[in-house]
Amino acid sequence: MTTLSSPAVAAPRETGSDRWWRTAVVYQVYPRSFADGDGDGTGDLAGVRSRLPYLASLGVDALWFTPWYASPLADGGYDVADYRAIDPAFGTLAEAEALIAEAREHGIRTIVDVVPNHVSDQHAWFREAVAAGPGSLQRQRFWFREGRGAHGELPPTDWPSTFGGPAWTRVTEPDGRPGEWYLHLFAPEQPDLNWSHPQVRREHEDVLRFWFDRGVAGVRIDSATMPVKDPALPELDEGSTHPFVDRDEVHQIYCSWRAVADSYPEKRVLIGEVWLDDPARFARYLRPDEMHSAFNFDFMRRPWDAEQLRESIAETLASHRPVLAAPTWVLSNHDVTRPVTRYGREDSSFLHARTFGVPTDLGLGRRRARAAALLSAALPGSLYIYQGDELGLPEVDDLPAEARQDPVFLRTGGADPGRDGCRVPLPWSESGASHGFSVDPEATAWLPQPPEWAGLSVRRQENTPTSMLTLYRVALELRRTTPALIGEDFAWLETQKGVLGFRRGEDFACLINFSAEPQPLPRAEVLLSSGELSGGLLPADTAVWLRLQEKEGH
Ligand code: GLC
């Protein structure tokens, strides 16, 4: 059935510790929802520390923490009030330092989030700017402008905020009169910084050093294409370039950050949140003197379809090659619909799934999510796992409106359910009011968990051979110990329509059946499959890892 379509191209092996990120498995921790160590129903650093053995046994190489800094949590912590303090709800700086060190003892590196585009409206700089009034030096660190209209009553531009509503909010001046407007591409509680101001640049480089000095191995860079704005503030449809997305000058920021990262004996890593459709523009962020790596959202947003995913993988590999960067493979994160739910819908590209009442076949979604896990873990590059995907948690669609906290829900008047449904606290056991999420069995989680999540808990899954958790653990162990998967070479296999297949190294193959019919398998040893194989056939929506015994035709 399978024949080699192209000779394997031997890519350089990058196994030295300086290059760990090229093949790393990075587990994303959303601290508020991972584990509650102090019994208040909100996740915290004590909870993460208590679960490090779990993360080590899952087999991850690094943890990426979404923001854990002091924050009013208007956008789940992406509104940072103080980068040098841990939010009291999560713990203390001393606990963060202990966590970084303990994780490292388990062989796990730590990555923290930095948010260059904006700060919280409670950040000292913004409070000072509002208080200092128009024309002040303090306002120059942000984007304050006069409004349009006879009395300045209209926003300076018609730019929309990513979270709904206008991207400008008018302040009340210290004298009590309505005054200037400030720019916020996200929520009003997230004023945008002015990156042409030298203090903004210097401050962020200091923040990087602050965390690098505490032993973090790298940073995830939030909304990385957006910090630089066209100072003329044109409307979106004016001019040949976008006024704030992917402007050429933004690259200078990351070149400077790279110099900071490279100044450490154990070089630190920059990982960008880069949402861009054009693979060539995307790859510019990965040039050798910029970021090391960036999330591959194209792969994440493709529907469950062999041709679509093949195209995405091929384009990813092709666009990364010229800049010598390692690809990343991402199935979800704290912003998107969980894979089990997404793949159980007719339209499995997540952007269209952010709506209420979409018919969902969770059984189908689960089968496909299992297959997607093996597909993504077998590709060359680094792998990102969002907490709870290893348990096969579905999106929680029916959270009560009063429990929802995402500004996307609040600012669209509830039209868009927002992202709370993928942020529901993890179930660790069958017992207690929060399924073991909290150390206090009486405490309820900050977002309600569905009662059936007891059956998806870590304790229920950990000794069950057919569970999602077992699949992830075995897959990550094989990924770590199979020489072909440690290298970077890759070649497509010729397959029937509806089947995706590729080879890694000399003898490893991954096949995924996207068609409705079972498909024949080549002669090979089965290392792992996402579902039961019967009679030598690969069922629909199933992936398999094989050790090829001999090349076909020999
Ligand atoms: C990124 C984050 C998202 C946040 C936004 C604004 O997209 O992943 O959660 O709301 O930036 O900081």
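With which side chain does the side chain of lysine 229 make a polar contact? In this predicted model, the partner is the side chain of asparagine 117, at 2.7 Å. Lysine 229 is located in the loop that runs between β10 (218-221) and α7 (250-262). A second polar neighbour comes from the backbone: the oxygen of methionine 226 lies 3.1 Å from a polar atom of the lysine 229 side chain. With a relative accessibility of 4%, lysine 229 counts as buried, because the cut-off for that class is under 20%. When neighbours within four places in sequence are set aside, the residues in contact with lysine 229 are Asn117, Trp143, Trp159, Leu183, Leu185, Asp192, Leu193, Pro243, Phe244 and Arg247.

The protein chain is divided into domain 1 (20-117 + 198-471), domain 2 (124-183) and domain 3 (489-548). Between domain 1 and domain 2, the C-alpha centres are 31 Å apart. The interface of these two domains involves 19 residues of domain 1, in contact with 18 residues of domain 2. About 1,400 Å² is buried between domain 1 and domain 2, and 65% of this area is on carbon and sulfur atoms. On the side of domain 1, the greatest losses of area to domain 2 fall on Leu233, Glu235 and Arg411, which together account for 39% of what that side buries.

Polar interactions also cross this interface. Five residue pairs in polar contact are found between domain 1 and domain 2, with both residues at pLDDT 80 or more. The elements giving two or more residues to the side of domain 1 that touches domain 2 are α6 (198-213) and α13 (407-411). One salt bridge is counted between the two domains. Arginine 148 and glutamate 235 form a salt bridge in which the closest N and O atoms are 3.7 Å apart. Glutamate 235 is also one of the residues of domain 1 that lose the most area to domain 2.

Confidence in the model was considered alongside these features. The protein chain has a mean pLDDT of 94, and 95% of its residues reach 70 or more. Residues 1-15 form a stretch over which pLDDT stays under 50. For this stretch the model has 44 contacts beyond four places in sequence.

Key. Residues numbered from 1 in each chain as written. Heavy atoms only, no water. Helix = DSSP H or I, 4+ residues; strand = E, 2+ residues; numbered from the N terminus. Buried < 20%, exposed > 50% of the residue type's maximum accessible area, 1.4 Å probe, protein only. Polar contact = N/O pair within 3.5 Å; in protein donor to acceptor, adjacent residues only side chain to side chain. Contact = heavy atoms within 4.5 Å. pLDDT = per-residue confidence, 0-100. Domains from an automatic or database assignment. Buried area = accessible area lost by both parts, 1.4 Å probe. Salt bridge = Lys/Arg side-chain N within 4 Å of Asp/Glu carboxyl O.
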